[in-house]
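I opened this model to look up a few local features. My entries follow in the order in which I made them.

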Amino acid sequence: MAELSVEEIGGLGEQAAGEAAAAASRQELDQVRVAYLGRAGKITEVLRGLGSLPAELRPEAGKAANQARQMAETAIEKRREELAAEEAAERAADQLDVTLPGRGPEVGHRHPLMTTLEDMLDIAAGLGYTAVQGPEVEWSALNWTALNYPPDHPAMDEQDSFYITDEIMPRTHTSPAQIRAMRAMHDDSCPVRSLDPRCPPDEPLEKCTCTPAPTRVVVPGRTYRRESVTLTHHDIFYQLECLLVEEGITLAHLKGTLGAFLRAYLGPETKVRFRPDFFPFTEPSADVSVNCLFCEAKGCRFCKHSGWVEIGGSGLVHPNVLTAGGYDPDRVSGLAFGFGIERLAQHRFNIMHIRTLYDNDMRFLRQF
Ligand code: PHE
């Protein structure tokens, strides 16, 4: 054994304690233990060499060596406990807490415009109407001509339109589907069923060779107009068209049906107002309003301070339109109306600006 002074022997204990405290892992700590207290460890060697010391040095050197061993052992034990506690804490942090509530997927829901449309279709089904659809891109001849708009008639200005070609346009209303629905009621063998939808105005309409069943349809769908956006107008919007053609239909049926529709959707207290209006495809025609629910009919921005909100147009089907559908106007009559779905949804859900229905702001949509 190398000759060490008593101070140097004491220093070994402090060195061992310092290295033990700095050990970052159990492996490092073990290396410290082996280096000082192992079989060839520095402190072990001092202890082993005590016997060969001169007798007068032995007691003091022995005491110092034992203290050094004690100090090293205590420091190593303390650090071992610290490392064990750190590991346990890490394990605990990694552990899955099965009692935590789960994170479910975010579930979407129907847009208020669609729930409005679906509610209206449900009401229509209850009244005996079948839902059908027409194309959003339509022949201008069905959007106008077959609906009794004379060429260049100013009534077309009421529905400022987009055009794709001279003959084809995004429909300005769901009314062209009236023609399609009526023609679809004819027998397969009847020439009306396969009439050219462009209905060339200079060719006489083919005569019906069958007895078509009554037409009872509702047509939901998107419509397009070249309009600037206001509180209640949008250039793309939804309509719901309703058409009933059979024997003996009168204005009383129209009023009754409209009232039933609107009261079923907006509530039994709803007041419905009819005012004379003009549409080329109905005669007589009436616009349809309900009492404003925003201001309880006291007058507000939404109802333009009138207390009434216009919901759509209506009327008895014009004989020329029945003819375009292949029906005999001397035998049957019909009622028709068209609602703006946005307007109804705005009214029902208190939505002051139509644009909020199209903004897709989640703060708005989550309310429904
Ligand atoms: N198509 C008309 C519009 O969009 C509404 C309407 C439908 C009027 C059916 C009468 C009959 O303004």
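Entry 1. I looked up Lys-304 and found it exposed, with a relative accessible area of 65%. I took buried as under 20% relative accessible area, exposed as over 50% and partly exposed as in between, with a 1.4 Å probe and protein chains only. Lys-304 sits in the loop between β7 and β8 (308-317). Its phi is positive, about 50°, although Lys-304 is not a glycine.

Entry 2. I noted the conventions. The model is predicted, local features need pLDDT of at least 70, side-chain atom pairs count only at pLDDT 80 or more, and totals for chains, interfaces and linings use all residues. Residues are numbered from 1 along each chain as its sequence is written, and side-chain values use heavy atoms, with hydrogens and water left out. Helices (H or I, at least four residues) and strands (E, at least two) are DSSP runs, numbered from the N terminus.

Entry 3. I checked backbone geometry elsewhere. Asn-360 also is not a glycine and has a positive phi, about 55°; Asn-360 lies in the loop between α11 (356-359) and α12 (362-365). Glu-283 and Pro-284 are joined by a cis peptide bond with omega of about -5°. I placed Pro-284 in strand β7 (residues 282-291).

Entry 4. Is Gln-178 buried or exposed? I found Gln-178 buried, at a relative accessible area of 1%. Gln-178 belongs to helix α7 (residues 176-184). Leaving out residues up to four places away in sequence, Gln-178 touches Leu-147, Glu-241, Leu-243, Val-321 and Ala-336; contact means heavy atoms within 4.5 Å.

Entry 5. I looked at the ligand. It is surrounded by 15 residues, the closest being His-173, Ser-175, Arg-225, Gln-239 and Gly-338, where near means that a heavy atom of the residue lies within 4 Å. I read polar contacts as pairs of N or O atoms within 3.5 Å. A polar side-chain atom of His-173 is 3.0 Å from a ligand nitrogen atom. For Arg-225, a polar side-chain atom lies 2.9 Å from a ligand oxygen atom. A side-chain N or O atom of Gln-239 is 2.9 Å from an oxygen atom of the ligand.

Entry 6. Helix α8 (residues 251-266) packs against helix α10 (residues 341-349) at an angle of about 40°, with the axes 10 Å apart. On the α8 side the contact is made by Leu-262, Tyr-265 and Leu-266, and on the α10 side by Leu-344, Ala-345, His-347, Arg-348 and Phe-349.

How values were computed:
Axes fitted to C-alpha atoms, helices over the stretch in contact; angles between N-to-C directions. Polar contact = N/O pair within 3.5 Å; in protein donor to acceptor, adjacent residues only side chain to side chain.
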